[in-house]
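Here's a quick briefing on one structure.

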Amino acid sequence: MTTTLLTGLVPTAVLTAEKFGDVPNAWIFPEEAAVLSQAVDRRRREFATVRHCARLALTSLGRPAGPMVPGDRGAPTWPEGVVGSMTHCDGYRAAAVSLRLDVAALGIDAEPHAPLPSGLLRRIASPSERDRLAALRHTRPAFHWDRLFFSAKESVYKAWFPLTGTWLDFREAELALDPYRQTFRARLLRTGHDDEGRPLHTLHGRWRVSRRLIVTAVVHRLTASAHRTRPPPMGPGSTTAYGWR
């Protein structure tokens, strides 16, 4: 299985693909091209490359790779029975996909390992969150905790929105970073429910810093009872692995 920066951040039921630059002449569907009618060239390249990554991951999953046109709030559309997430930043594009029978929701985000723009942290973090980040900066001042914090909240939202269909403000997820386990927990301050009707109180994620990039991932798993109702594999293309890489 191909190793990516996301390897170890997501369970083996999630398949990923990544690129560290744009794919020359990456092909997109006419429906996708229509979305880019007013886009600049840079936007076209990153849009096409991240969808190239998504189609690679979908092919590995054994699912068709049709048009993935941005829908509500910019969330891409995925094939029936598939959950997924995409991300891109300078020098990096990636996608992650899974069968909905294995994973209820997932979100990934990548950011440069660099400071956040001035003033942004105060808009996205509560006073208690800023206090915790200040304590982390005291222990490792060269690490850009503010950018990691932003990326983690982006991953939380990318998992939340397709699952609930509702907006989640940055201030509606109270985030705590664990610098030792390289994990984070988001306490949700807005009411929401997952596919099984369970209330969503928290979402959990993992993070990694490598190649001057910060990568975060949130995966919301199904319950054990849901897994027991999963139909048997249908052949070589099926995904049956569980657990963390």
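Helices (H or I, at least four residues) and strands (E, at least two) are DSSP runs, numbered from the N terminus. This is a predicted model, where local features need pLDDT of at least 70, side-chain atom pairs count only at pLDDT 80 or more, and totals for chains, interfaces and linings use all residues. Residues are numbered from 1 along each chain as its sequence is written, and side-chain values use heavy atoms, with hydrogens and water left out.

**Arginine 55**
- You'll find arginine 55 in helix 2, which covers residues 41–61.
- Arginine 55 is buried, at 12% relative accessible area (buried means under 20%, with a 1.4 Å probe and protein chains only).
- Leaving out residues up to four places away in sequence, arginine 55 touches Trp27, Ile28, Phe29, Glu32, Ala65, Gly66, Pro67 and Met68 (contact means heavy atoms within 4.5 Å).

- Five strands make an open, antiparallel sheet in the order 4-8-7-6-5 (two strands pair if DSSP finds at least two bridges between them).
- Strand 4 (103–112) and strand 5 (173–178) are at the edges with a single partner strand each, so one side of each has no neighbour in the sheet.
- Strand 6 (residues 183–188) and strand 7 (residues 202–210) run antiparallel and are joined by five bridges.
- Arginine 185 has histidine 204, in strand 7, as its bridge partner.

Key
Buried < 20%, exposed > 50% of the residue type's maximum accessible area, 1.4 Å probe, protein only.
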